[in-house]
Amino acid sequence: MKLKATIEHKPNIPTASMADIAFLLIIFFMLTITFEVDKTQVVLPKTTLRYEIPKQSAYVSIDPNGRIRVSDGNEQSALVSAADEVLSMAAGVIAMDPQKVFVVKSDGEVSWDKVDEVIDALKRAKVRDVYLLSDQRTVTDG
Amino acid sequence: MRLDRDRPDDEIPTSSMADIAFLLIVFFMITTTFTATRGLDFALPEDDDDPPVVEKEESVLIEILPTGELIVDQDPMQLHEIIPYLQPKLERNPKKPVIIRPDTATPYKYMVQVYDELRQGEDHGLAEPINISVPTQREIQSFWY
């Protein structure tokens, strides 16, 4: 009987490209990550029209209890006690960059007078571009 | 001549590279938060001390009650009825101001709803964008009365 010489293959999983895939994912996450300057939890109003907000916009947020927080777009948002402080902050930001975009991030259930005070402060601070942060309205929203 | 048969292969150990990479991926996946970065643009007019006086009779006034009900030029109206109501008026005068005036106690979402609807005027057959105005309480008190 003739015996075949057996070549023994070591079982192995090819892992050479795993690092490539992993680094590709890392690059994706590094490019898409945006650091939130305002972490206020709100239920945003829903709109059909929604436009992309420029990065590093300044934020004014109003939580469901009517508390106002402001951020210049670079630093984390800080609590302010009155809308007048929004005016002084916005005036300072506009003095540095007259084209600065402001975002009003308010809970949908907040009464209009609160939002009105903030918008009025932004108007008085000569802010031109304001975005009202919203969620997408869908057909199921009625 | 002596041949060195036991010389190990030149190679960089890469077996732990994937571990490090996946550790970084897990970090980014955990710290990434998907946030809303879209909204409705709301261009503010110049804060002029002497703004053009808009007579209430020349404009369309949309009042929003705290319950979300709409009163357009003194008549109750549904949201989807506003554009058809405005259409003939804006055909005569496309620059006619449409003033949104929510009650102070009205939830903000109702104001956004009406503003969103008016901004879609061109999609509903209007020739030009609607001249929308949302005066603040200070402006109403200063210039209207």
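Setting aside residues up to four places away in sequence, Leu126(B) touches Ile83(B), Gln87(B), Leu90(B) and Gly121(B). In this predicted model, Leu126(B) sits in the loop between α3 and β6 (131–133) of chain B. Leu90(B), one of the residues that Leu126(B) touches, lies 36 residues from Leu126(B) along the chain, yet their C-alpha atoms are 7.9 Å apart.

In soluble globular proteins, nonpolar side chains tend to be buried together. Here the largest nonpolar core runs to 50 residues, and Phe102(A), Leu122(A) and Leu118(B) have the most contacts inside it. As for Leu118(B), once neighbours within four places in sequence are left aside, the contact list reads Ile62(B), Ile82(B), Ile83(B), Leu86(B), Val98(B), Ile100(B), Ile130(B) and Ile132(B). Ile83(B) turns up in that list and also among the residues touched by Leu126(B).

Then there is the contact between the two chains. How many residues does each chain put into it? Chain A gives 47 residues and chain B gives 44. The size of an interface is often given as the accessible area lost when the parts come together. For chain B and chain A, that buried area is about 4,400 Å², with 63% of it from carbon and sulfur atoms. Of the area that chain B buries against chain A, 19% is down to Arg38(B), Leu44(B) and Tyr108(B), more than any other three residues supply.

On the polar side, the count between chain B and chain A comes to 21 residue pairs in polar contact, with both residues at pLDDT 80 or more, and there are 4 salt bridges between the chains. A salt bridge links Lys123(A) to Glu139(B), with 2.9 Å between the closest N and O atoms.

Which elements of chain B supply at least two residues each to the side that touches chain A? They are α1 (17–31), β1 (38–41), α3 (108–119) and α4 (137–144). The largest share of that side is from α1(B), with 9 residues. Sorted by class, the side of chain B that touches chain A holds 22 nonpolar, 12 polar and 10 charged residues.

Conventions: Residues are numbered from 1 along each chain as its sequence is written. Chains are lettered from A and ligands numbered from 1 in the order in which they are written. This is a predicted model: local features need pLDDT of at least 70, side-chain atom pairs count only at pLDDT 80 or more; totals for chains, interfaces and linings use all residues. Side-chain values use heavy atoms; hydrogens and water are left out. A nonpolar core is a set of buried Ala, Val, Leu, Ile, Met, Phe, Trp, Tyr and Cys residues joined through side-chain atoms within 4.5 Å. Buried means under 20% relative accessible area, exposed over 50%, partly exposed in between (1.4 Å probe, protein chains only). Contact means heavy atoms within 4.5 Å. Buried area is the accessible area (1.4 Å probe) that two parts lose on being put together, summed over both. A salt bridge is a side-chain nitrogen of Lys or Arg within 4 Å of a carboxyl oxygen of Asp or Glu. A polar contact is a pair of N or O atoms within 3.5 Å; within protein, one must be able to donate a hydrogen and the other to accept it, and residues adjacent in sequence count only if both atoms are side-chain atoms. Helices (H or I, at least four residues) and strands (E, at least two) are DSSP runs, numbered from the N terminus. Ala, Val, Leu, Ile, Met, Phe, Trp, Tyr, Cys and Pro count as nonpolar, Asp, Glu, Lys and Arg as charged, and the others, Gly among them, as polar.
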